Amino acid sequence: MRVITGTARGANLKTLSGLDTRPTIERVKEAIFSSLFNELTGKRVLDLFAGSGQMGIEALSRGAAHAVFIDASRNAADIVRQNLLATHLTDKAEVKVCDSLAYLKTLRENSFDLVFIDPPYGKGLVNASLELLSKTRALSDNAVVICESDEPDEVFSEFGKITLQKTAKYGRVVIRYFRNGLGE
């Protein structure tokens, strides 16, 4: 796994061994970031269920101003820190070891412009995360939220002002693009 482009282009990223995390495959990551071309410069990013941190790191490499990485696993947080060091992006990042849903409950208004949600599949965590985001008002106007799930996972299309804009399928992986401020 590597950083596709930007200041850290080509940097290899470490991942956790075992089956506890499943990094986003490169072609899916490429498609996501191609769709975000004009959405990254100067943005504040939240990488929930961060795993290796590859999504937030890619955003930083492409011009995002700051990223917060959240994972409940201390081992995952250590991998994110190592990857930030390897890509020379540590000064633009915060890594927190905590439950992603608990973290969402602590957010203040207008904290993030871009959020990646890639939780363990089949546990309803995408819906729970989006519901909490809609209640905390942590998203800036017009913020983008990108969610990865398994095809059988049911994900709702609206959470207050957070509304589904686009869905893309890559085998069993489903990527959903939400936008803040277009709902009720």
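The structure is a predicted model, in which local features need pLDDT of at least 70, side-chain atom pairs count only at pLDDT 80 or more, and totals for chains, interfaces and linings use all residues. Residues are numbered from 1 along each chain as its sequence is written, and side-chain values use heavy atoms, with hydrogens and water left out. Helices (H or I, at least four residues) and strands (E, at least two) are DSSP runs, numbered from the N terminus.

**Confidence**

- The protein chain has a mean pLDDT (the predictor's confidence in each residue, from 0 to 100) of 91, and 95% of its residues reach 70 or more.
- Within the protein chain, confidence is highest in E3, at 98, and lowest in helix H1 (residues 26-35), at a mean of 89.

**Aromatic rings**

- A pair of aromatic rings is described by the distance of the centres and the angle of the planes.
- Rings of Phe, Tyr and Trp (its six-membered ring) pair if their centres lie within 6.5 Å; planes under 30 degrees apart count as stacked, over 60 as edge-to-face and the rest as tilted.
- By this rule there are three aromatic pairs.
- The pair of phenylalanine 33 and phenylalanine 116 is tilted, because the ring centres are 5.7 Å apart and the planes stand at 45 degrees.
- This pair links distant parts of the chain, since phenylalanine 33 belongs to helix H1 and phenylalanine 116 to strand E4 (residues 112-117), 83 residues apart.
- Phenylalanine 33 is buried (under 20% relative accessible area, whereas exposed means over 50% and partly exposed lies in between, with a 1.4 Å probe and protein chains only), at a relative accessible area of 0%.
- Phenylalanine 116 is buried, with a value of 3%.
- The rings of phenylalanine 159 and phenylalanine 178 form an edge-to-face pair, because their centres are 6.0 Å apart and their planes lie at 65 degrees.
- Phenylalanine 159 is in strand E6 (residues 158-159) and phenylalanine 178 in strand E8 (residues 173-180), so this pair ties together parts that are 19 residues apart in sequence.
- Phenylalanine 159 is buried, at 2% relative accessible area, and phenylalanine 178 is buried, at 1%.
- Phe156, Phe159 and Phe178 are linked into a cluster by ring pairs.

**A charge over a ring**

- Lysine 166 lies over the face of tyrosine 177, at 4.5 Å from the ring centre; the rule requires NZ of Lys or CZ of Arg within 6 Å of the ring centre and within 35 degrees of the ring normal.

**Backbone angles**

- Most residues other than glycine have a negative phi.
- Histidine 88 has a positive phi, near 60 degrees, and is located in the loop between helix H3 (74-87) and strand E3 (93-97).
- Histidine 88 counts as exposed because its relative accessibility is 68%.
- Asparagine 142 also has a positive phi, near 70 degrees, and its place is in strand E5.
- Asparagine 142 counts as partly exposed because its relative accessibility is 44%.

**The second largest pocket**

- Helix H5 (125-136) and strand E5 (139-150) are the elements that give two or more residues to the lining, and E5 provides the largest share, three residues.
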